[in-house]
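Subject: Structure handover

Hello,

Here is the structure to be passed on to you. Please keep it open while you read the notes below.

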Amino acid sequence: MKRSRYNGIYVTGTDTGVGKTVVCGLLKRFLRERGYVPVVQKWVQTGADDDVAVHRAIGGLLEGELDHGEDIVPYSFMLPASPHLAARQQQARIDIRRLSAAFGRLSRVFSPVIVE
């Protein structure tokens, strides 16, 4: 397994439907083909769409990846809205320490962690 010199790659965008999920899946596949063991992490999933399934369909499922589901998606909310609004609707709070800990656990197994 190749290790990336970067623990994380961050893919961001300001709207839904701009291609972040597709870019993450393609980046994962690109890195796998070059000997890396990447994983895509989505800190907060909102709405009914399963972006993680799309990441896996495009980039492939790695051995052991399913064992890290709670770290791959630390928060999931039903409302298709911004993370803070979706969390508020479910009377929940997003804790940055939980996100940081999940990233740390993934980065010890996978390299790099691609965060959408």
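Helices (H or I, at least four residues) and strands (E, at least two) are DSSP runs, numbered from the N terminus. By that count the chain has five helices and five strands, and along the sequence they follow the pattern β-α-β-β-α-α-β-α-α-β.

The model is predicted, so local features need pLDDT of at least 70 and side-chain atom pairs count only at pLDDT 80 or more, while totals for chains, interfaces and linings use all residues. Residues are numbered from 1 along each chain as its sequence is written, and side-chain values use heavy atoms, with hydrogens and water left out.

**The chain as a whole**

A residue is called buried under 20% relative accessible area, exposed over 50%, and partly exposed in between (1.4 Å probe, protein chains only). Of the 116 residues, 40% count as buried. The chain exposes about 7000 Å², and carbon and sulfur atoms supply 53% of it; these areas come from the Shrake-Rupley method with a 1.4 Å probe, and for residues only the protein chains shown count as cover. A contact means heavy atoms within 4.5 Å. Among the contacts with a separation of 6 or more, 75% are between residues 24 or more positions apart.

**The sheet and its helices**

Two strands pair if DSSP finds at least two bridges between them. Which strands form the open sheet, and in what order? There are three, in the order E1-E5-E2, with parallel pairing. Strand E1 (8-10) and strand E2 (39-41) stand at the edges with a single partner strand each, so one side of each is left without a neighbour in the sheet. Neighbouring strands of this sheet are turned by 25° against each other on average, direction ignored. For such angles, axes are lines fitted to C-alpha atoms, for helices over the stretch in contact, and angles run from 0 to 180 degrees between N-to-C directions.

E2 and strand E5 (residues 113-115) pair in the parallel sense over three bridges, and Val 39 stands opposite Val 113 in E5. Helix H1 (residues 20-33) packs on the sheet and touches E1, E2 and E5, with its direction at about 165° to that of E5. Helix H5 (residues 96-109) lies across E1, E2 and E5 and runs at about 175° to E2.

**The nonpolar cores**

A nonpolar core is a set of buried Ala, Val, Leu, Ile, Met, Phe, Trp, Tyr and Cys residues joined through side-chain atoms within 4.5 Å. The largest one has nine residues, including Val 39, Leu 62, Phe 103, Val 113 and Val 115. H5 and E5 each supply at least two residues of this core. A second, separate core of six residues includes Val 44, Tyr 75, Phe 77 and Leu 99.

Val 115 lies in strand E5. Is Val 115 buried or exposed? Its relative accessibility is 3%, so Val 115 counts as buried. Leaving out residues up to four places away in sequence, Val 115 touches Ile 9, Tyr 10, Val 11, Gln 41, Trp 43 and Phe 103.

**Aromatic pairs**

A pair of aromatic rings is described by the distance of the centres and the angle of the planes. Rings of Phe, Tyr and Trp (its six-membered ring) pair if their centres lie within 6.5 Å; planes under 30 degrees apart count as stacked, over 60 as edge-to-face and the rest as tilted. The structure holds three aromatic pairs. One of them is Tyr 10 with Phe 103, stacked at 6.3 Å centre to centre and 20° between the planes. This pair links strand E1 to helix H5, with the two residues 93 apart. Tyr 10 is partly exposed at 48% relative accessibility, whereas Phe 103 is buried at 13%. Tyr 75 and Phe 77 also form a stacked pair, at 6.1 Å centre to centre and 20° between the planes; both residues are buried. Ring pairs join Tyr 10, Trp 43 and Phe 103 into a cluster.

**Two backbone details**

Most residues other than glycine have a negative phi, and most peptide bonds are trans. The peptide bond from Ser 111 to Pro 112 is cis, with omega near -5°; Pro 112 lies in the loop between H5 and E5. Gln 91 has a positive phi, near 55°. Gln 91 is in the loop between helix H4 (83-89) and H5, and it is exposed, with a relative accessible area of 78%.

Regards
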